[in-house]
Every structure is written in structure tokens, then in C-alpha cells.
Amino acid sequence: MKKTSLRNPLLLFLTAAIWGAAFVAQSVGMDYVEPFTFNFARSIIGGIVLLPCILFLDGQKKKAGGQAPADFSRQTAGRHTLLLGGVCCGVALFVASALQQIGIQYTTVGKAGFITAMYIVLVPVFGIFLKKKAGGRLWLCVLLAVAGLYLLCITEGFTVGGGDLLVLLCAAAFAVHILVIDHFSPLADGVRMSCIQFFVCGLLSGVAMLLFETPSPDAIWQARLPIGYAGVLSCGVAYTLQIVAQRGMDPTVASLILSLESVFSVLSGWLLLGQSLAPRELSGCVLMFAAIILAQLPEKEKGKQR
């Protein structure tokens, strides 16, 4: 497992909390606008929010003395990597968010939350093909988290419908998104790459919006609050935190922490909306938190004498 400070897991916890609360915004937003329109607006807002952040950080670097000037070939290679990473992340994010927004209209909230979080299983499975090995303890954590998600989200009979299949494809796309970030985050500036991914996702969502939907400025204005939360916090803040925090982290561990989005979604409903938690749901939360804590415990170094 990659060694990281406590800072990175805590940033991913914060990311999961923001995403959990954002589920309410996504659901409310769909009462006013269609899926591609919602994703277009939130993604463009997310990209715009990061522009002053990039200018501020650049100013801080200049005040601190900046970095030694690199030769032209290294600068060109760095920009190419940044652009490629941003585009790949943006395409993966577009596919995942589109499938989620469309699929959630045809399935229950609990099933959608459970199936979406299945990326915690798909990340280590996909990682096998990229020669990223997950140890036995990580697989145990994944199984604990899946059991917790089931208890937390599935409160009715489990059947598979068209919406469920769309959300399952969404989980696969989010798994790819996590692995793409794992590859590019050590190679490029996280905030810039996040900004690029939002504009790419927004551009693709805008094209789909014009092709398949009938966007209305008035409807977008009526959905300004949920779109604003999803754009500023869920996109601008949370996805950027994900890219920054995943630097140097094992992608399977990162996916386990991010899966707490479902827990925070239920807790947000309990705290903000007064929705009660059944013992079954509380048990699911406990199992998921146990899986995260177990994944964060340091492993004994092989070959080390007692």
C-alpha cells in the first residue's frame, strides 16, 4: 500500500461528505431541468470557480520565489500531460455523471446509492489489468464495505431493472475515473487538471443537451440553488479535493473512503431532513466505517525482524 499522511484520507472524507449532501441537490435539480442540462450547468460553474483559484495559487508561487525555469521541451511535455489528463478525466466524468443522472430517474434512491458505490469493487478488479495488486486485507475491506452498503441502501426487495443497469455502468465509469486520476495526479497540477476536466465534461454535456433535450434559461434559473451547490461545492471543491488527495494514495483505499458518500447522504437526511435511521441502516454505517479504518491501519513490513 502506498504510504500517505493523514491529510490525504481526511480530504477524501471531506469530499465524500460534500458528495453525500450533494445528492439532495441533484435530486431537487431534476425537478426543474433534464440530466444533460443539469450536468452542463454544474460542470461549467465548477470550471469557472477554479479559474480564480488557479490565479491565486500562481500568485502565491511567484511570491514564494517560484520554481527554477524548465527547458522548453520539459514545459511542452508537462502541458501535454496536463491537457491529456484533464481530457481523460473529463470524458470519464461526463460518462459517469450522465449515466447516474439518467439512471436515477428509473430506480429507487437506495438502490442507486448502493449500485453507484460498487466502484469500490470495480477499482481493484480493473486495477488487476493495470498491474495494481490489492492485498488480502484490502479485499476484506471491500467486502465489509459492500455488506455495509447493502444494509444501508437496500431496504426493499432487490430486482434489476433498466435504471439499475445504467447506474451500474455509471459505477464502472467512476471506477475508471478514479484510476485515471491515480495515473495522472502525480504528473500534473491537480487544480489545473480539475479545471480542464470540468470544461471538457461541460462541453460534452452541452452538446448532448442540445441534441437530446430542450434547455430553458428560465428552468435553469429556477434550479439555481441545487445547480449552484453542485457546481461550486460538489464540482469546484470536492472533485478538486479528490484529485489533490489521491496523489500517492492506493486507488482501492481512495475508493473505499469515497464510498462513504452513501453514509453521508443518509446522515444528511437524518440531520437536515429529520429522516430516522433504522437499526439496519446504522449497522451498515458501522460496517463501512470499520472497513475504512481497517484499510488505513499500517501494514507490517515484510522481512522485518521482531
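## Lining of the largest cavity

Helix 1 (7–29), helix 3, helix 7 (162–184) and helix 10 (224–245) each contribute at least two residues to the lining of the largest cavity. Helices here are DSSP runs (H or I, at least four residues), numbered from the N terminus. The structure is a predicted model, in which local features need pLDDT of at least 70 and side-chain atom pairs count only at pLDDT 80 or more, while totals for chains, interfaces and linings use all residues. Residues are numbered from 1 along each chain as its sequence is written, and side-chain values use heavy atoms, with hydrogens and water left out.

A search of the whole structure finds 2 cavities of 30 Å³ or more, and the largest cavity holds about 170 Å³ of space. Of the 15 residues that line the largest cavity, Trp19, Gln100, Phe174, Tyr239 and Glu261 are the closest to its centre. A cavity is a set of points, on a 1 Å grid over the protein atoms alone, where a 1.4 Å probe fits but cannot get out; lining residues have an atom within 4 Å of a point. The volume is the space filled by probe spheres set on the points, which are joined across faces, edges and corners.

Gln100 belongs to helix 3. This residue counts as buried because its relative accessibility is 11%; buried means under 20% relative accessible area, exposed over 50%, and partly exposed in between (1.4 Å probe, protein chains only).

Apart from neighbours within four places in sequence, Gln100 is in contact with Gln26, Thr116, Cys170 and Phe174, where contact means heavy atoms within 4.5 Å. Gln100 and Asp164 are 64 residues apart along the chain, and their C-alpha atoms are separated by 9.7 Å.

## Phe198 in helix 8

Phe198 is located in helix 8 (residues 190–212) and counts as buried because its relative accessibility is 0%. When residues up to four places away in sequence are not counted, Phe198 touches Ser43, Gly46, Gly47, Leu50, Leu93, Cys235, Gly236, Tyr239 and Thr240. The C-alpha atoms of Phe198 and Phe94 are separated by 8.7 Å, although these residues are 104 places apart along the chain.

## Partly exposed Val87

Val87 is also placed in helix 3. With a relative accessibility of 33%, Val87 counts as partly exposed.

Methods. On a 1 Å grid over the protein atoms alone, a cavity is a set of points where a 1.4 Å probe fits but cannot get out, and a pocket is an open set with protein on both sides within 12 Å along at least five of seven lines; lining residues have an atom within 4 Å of a point.
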